[in-house]
Amino acid sequence: MRLASAQPKLDMQHSEPKNIAELLRNRAAASGDSAGIVFKQTRSTWQEILDRAGHIARVLDERGIGRGDVVGILAPHSPAQVSALFGIALVDAAFSIINPLLRPAQMEHQIADAGMKAIVGTADHRETLAEKLAAGPTPWIEVEVDGSLGEALAGTGGEPRLAPTKNIPVDVANIIYTSGSTGRPKGVVVPHRTLLDGARIVSGYLGITEQDTTLSILPLGFDYGLNQLLTAVRTGASLVMHSHVMPLDLLRLIEREKITGLAAVPSVWPGVLAHMKRQRQPLSVPHLRYITTAGGAHPPQLLRELDDAFGDSKIIVMYGLTESFRSTYLPHDQLHERPGCVGRPVPEVEILVVDEDGNPCAPGTKGELVHRGAFVTYGYLNNPELTAKRFIELPGRGPGCLPERAVRSGDLVSMSEDGYVYFHGRMDMQIKSRGYRISPDEVAEALMKVDDVRQAAVFGLPDPALGQRIVAAYETHSGSEIPSTAFTKQLADALPSFAVPRTFLFYPALPVTANGKLDVTKVRAENAS
């Protein structure tokens, strides 16, 4: 007997789930026979996804794993991750996705730091941790890429575990480990409330319904990618999972599956746009209703090219933090009216701009962005010092109101009188050269206008005479190096003399993080010596 299929149809607008397992259970009861996830040639219904998660939950339950435990997931971007995370939620445990691109030492740190009681993963990824697993106590639960139990466990029998869950919105659902090229990843502790509110609020302002088909290319270990999955579960939209971000594959998939919603990070777009320019026949995707882009700076030129290439689609810029998911979004009708703008606060969020002493900044004055309201997480696992630095208490906003927790972003922004937020770069990435404070994003934006430049990363390095020397690393569409004289000539009209880089470094391909963001930290570290 499948418990979920015995439940009555639910009104999703009036039945708010208390955790993400219940979110999936409600969806399977409401529209279990409709396509939930498309992966390669396989189409899985929401009921099939729930059943697969239930089989994983049964194995976890038999091994004594439950509420308060943390279980890792090591699998490719596929239904295997989906079944695993919901299976873990069905036993009230918290999940933590291990990025397969991490170095072995970083993986081992994540396993130990989170205190993982088990790892759910595919056979090919088990080899990655073979030595660690042989030496340590972490049990391995094998799944197939489609999300079903691995061969060794598939024949053990037993019904899926679909018993009622106990977790409520304030309980921990997920630990997201931030990726980085150096140092140990930090675990951000995420409650069910943040994930549920994210699905509800984002699907609301994007207008996502069960008629939509969303393309998922972002890792589920990235809050942006995870939200796409949970939004699809909440609304009943179909989710097409695709793991190779090659421009030709991506564009063909958008056409073939009639994708209505697409999300990506800025580093994806130059390759896609370059490929579209080379095509003899224009792309025809009238069904592509919206494109969201977040996770980095968006030069106005890039947004213009994106808008021209996908003329029938609404381009929506979004901004957020792992620590508080989504802060702002910029509606399509403001895309070209407000260069450098990351939008206005999303529903149920207030954005504050404060100076070094925590006092509110006047409109147009630069300060640090502070996020209050929906989505605020619990801080960093096993790192109370950093948590106390980034997560602050604000006084209550009315008589009898208790203090509330807010997040300091570390980002330098300003806000217009009508409430739109403008991004000026990371506070810790600001360059001070010859006594001037310089935004690396503003310099990178000017570099992107130089002929043939495809991507650019700008940073400062210590210099005894200047304080910091401005360095620009770049890659080109042609794959050829650009003479430094061509840079200085074209930048002279775009930047003040003190902001023009002194050093230009050609990269055949600039490195990106596991989440697809330009890895400026790695480039700077490579050139620091």
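**Figure 1. Crossing of helix 1 and helix 2 in the predicted model.** The axes of helix 1 (residues 20-31) and helix 2 (residues 46-62) come within 8 Å and cross at roughly 140°. Axes are lines fitted to C-alpha atoms, for helices over the stretch in contact, and angles run from 0 to 180 degrees between N-to-C directions. The two helices are therefore oblique to each other (under 35 degrees counts as roughly parallel, over 145 as roughly antiparallel, 65 to 115 as roughly perpendicular, and the rest as oblique). Helix 1 passes helix 2 in a left-handed crossing, meaning that the near helix is turned anticlockwise from the far one by less than a right angle; clockwise would be right-handed. Helix 1 contributes L24, R25, R27, A28 and S31 to the contact, and helix 2 contributes W46, Q47, I49 and L50 (contact: heavy atoms within 4.5 Å). These residues divide into five nonpolar, two polar and two charged. Ala, Val, Leu, Ile, Met, Phe, Trp, Tyr, Cys and Pro count as nonpolar, Asp, Glu, Lys and Arg as charged, and the others, Gly among them, as polar. Helices (H or I, at least four residues) and strands (E, at least two) are DSSP runs, numbered from the N terminus.

**Figure 2. Surroundings of G419.** G419 is in the loop between strand 19 (404-415) and strand 20 (421-426). The residue is buried, with a relative accessible area of 17% (buried: under 20%; exposed: over 50%; partly exposed: in between; 1.4 Å probe, protein chains only). Leaving aside neighbours within four places in sequence, G419 is in contact with G343, R344 and P345. G343 is 76 residues away along the chain, and its C-alpha atom is separated from that of G419 by 8.4 Å.

**Figure 3. D92, a residue with positive phi.** D92 is not a glycine, yet its phi is about 70°. The loop that holds D92 runs between helix 3 (79-90) and strand 4 (94-97). D92 counts as buried, at 6% relative accessibility.

**Figure 4. D452, a residue other than glycine with positive phi.** Phi of D452 is near 80°. D452 is found in the loop between helix 14 (440-447) and strand 23 (453-463). At 27% relative accessibility, D452 counts as partly exposed.

**Notes.** Residues are numbered from 1 along each chain as its sequence is written, and side-chain values use heavy atoms, with hydrogens and water left out. In this predicted model, local features need pLDDT of at least 70 and side-chain atom pairs count only at pLDDT 80 or more, while totals for chains, interfaces and linings use all residues.
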